[in-house]
Amino acid sequence: MNAITLLTDDHDKVKKLLADGEKTDASSPDKRRSIFEEIKREMTVHEQIEEQIFYKELREHPKAKDLVLEGIEEHNVVDTIMGELELTEPTDEYWGAKFKVMRENIEHHIKDEEGEMFPTARKVFDSDELNELGKRMGEMKQEAMASLQA
Ligand SMILES: [Fe+2]
Ligand SMILES: [Fe+2]
């Protein structure tokens with residue numbers, strides 16, 4: 001599978017979970033917890049395959065390097081917010097606010113990737129390279145998901 005298709009499919013899945021989570025309220029803590037856990041699992045694995053495979057190859061191209069460094073910093077910010085939300089009870093009055101800020105940050109990051117980084121990647125990689133990167137990321141994703149479920 002093409003690397004950009006794989007990553008964009010992940011983005012679409014997370015955006016849907018984020019929209020679902022924002023519709024919840026403190027009267028459904030279990031639902032909040034399960035949606036958050038799924039977002040965290042998806043984002044953790046997604047960041048891992050991006051940083052270890054896609055970003056790693058892309059940053060070798062001078063035109064793309066700054067976009068990659070910015071992407072890594074945005075991952076760090078998202079990880080920090082997810083870490084806080086994990087420690088917040090779903091019935092806490094701050095849960096909704098933290099979730100919303102997490103959503104804004106993830107959606108901003110997705111816009112940067114899809115709007116700037118992926119178009120740059122399409123210029124510097126040919127379609128064989130994109131397919132090869134997609135294959136490696138797909139394999140790493142399967143392994144990482146399996147180990148998180150174990
Ligand atoms: Fe991404
Ligand atoms: Fe990313």
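Trainee: What ground rules apply here?
Mentor: This is a predicted model, so local features need pLDDT of at least 70 and side-chain atom pairs count only at pLDDT 80 or more, while totals for chains, interfaces and linings use all residues. Residues are numbered from 1 along each chain as its sequence is written, chains are lettered from A and ligands numbered from 1 in the order in which they are written, and side-chain values use heavy atoms, with hydrogens and water left out.

Trainee: How many helices and strands are in the protein chain?
Mentor: Five helices and zero strands. The order from the N terminus is α-α-α-α-α. Helices (H or I, at least four residues) and strands (E, at least two) are DSSP runs, numbered from the N terminus.

Trainee: And how does its radius of gyration sit against the globule rule?
Mentor: The radius of gyration is 16 Å, close to the 15 Å that the rule gives for 150 residues, so the chain is as compact as a globular protein of that length. The radius is taken over C-alpha atoms, and the rule is 2.2 Å times the number of residues to the power 0.38. Along the principal axes, the C-alpha atoms fill a box of roughly 50 × 30 × 20 Å.

Trainee: What share of the contacts comes from residues 24 or more positions apart?
Mentor: 80% of the contacts with a separation of 6 or more. Contact means heavy atoms within 4.5 Å.

Trainee: What share of the 150 residues counts as buried?
Mentor: 39%. Buried means under 20% relative accessible area, exposed over 50%, partly exposed in between (1.4 Å probe, protein chains only).

Trainee: On to the metals. What coordinates the iron ion (ligand 1)?
Mentor: His 11 (NE2), His 46 (NE2), Glu 50 (OE) and Glu 113 (OE), at 2.0 to 2.2 Å. Donors are N, O and S atoms within 2.8 Å of the metal (3.2 Å for Na, K and Ca); water is not among the atoms, so sites may look incomplete. Along the chain the spacing is H-x34-H-x3-E-x62-E.

Trainee: And the iron ion (ligand 2), what coordinates that?
Mentor: Glu 50 (OE), His 75 (NE2), His 109 (NE2) and Glu 113 (OE), at 2.1 to 2.2 Å. Here the spacing reads E-x24-H-x33-H-x3-E.

Trainee: Why is the arrangement around the iron ion (ligand 2) irregular?
Mentor: Its four donor atoms subtend angles of 86 to 171 degrees, which makes it irregular. Four donors count as tetrahedral if all angles lie between 85 and 135 degrees; four count as square planar and six as octahedral if opposite donors are over 155 degrees apart and all others between 65 and 115; anything else is irregular. The iron ion (ligand 1) is irregular as well, because its angles run from 83 to 176 degrees.

Trainee: How far apart are the two iron ions, and which residue coordinates both?
Mentor: They are 3.2 Å apart, and Glu 50 coordinates both. Glu 50 lies in helix H2 and Glu 113 in helix H4, so this pair ties together parts that are 63 residues apart in sequence.

Trainee: Are Glu 50 and Glu 113 buried or exposed?
Mentor: Both are buried. Glu 50 has 0% relative accessibility. His 109 is buried too, at 2%.

Trainee: New topic. Which residues touch the most other members of the largest nonpolar core?
Mentor: Leu 7, Phe 54, Leu 58, Phe 125 and Met 137, out of 18 residues. H2 gives the largest share, five residues. Such a core is a set of buried Ala, Val, Leu, Ile, Met, Phe, Trp, Tyr and Cys residues joined through side-chain atoms within 4.5 Å.

Trainee: What does Leu 7 touch?
Mentor: His 46, Ile 49, Glu 50, Phe 54, Phe 118 and Met 137, leaving out residues up to four places away in sequence.

Trainee: How many aromatic pairs are there?
Mentor: Three. Rings of Phe, Tyr and Trp (its six-membered ring) pair if their centres lie within 6.5 Å; planes under 30 degrees apart count as stacked, over 60 as edge-to-face and the rest as tilted. Phe 54 and Phe 118 have ring centres 5.7 Å apart and planes at 85 degrees, so that pair is edge-to-face. Phe 54 is in helix H2 and Phe 118 in helix H4, 64 residues apart.

Trainee: How are Trp 95 and Phe 99 arranged?
Mentor: Stacked, with 5.0 Å centre to centre and 20 degrees between the planes. Both lie in helix H4, four residues apart.
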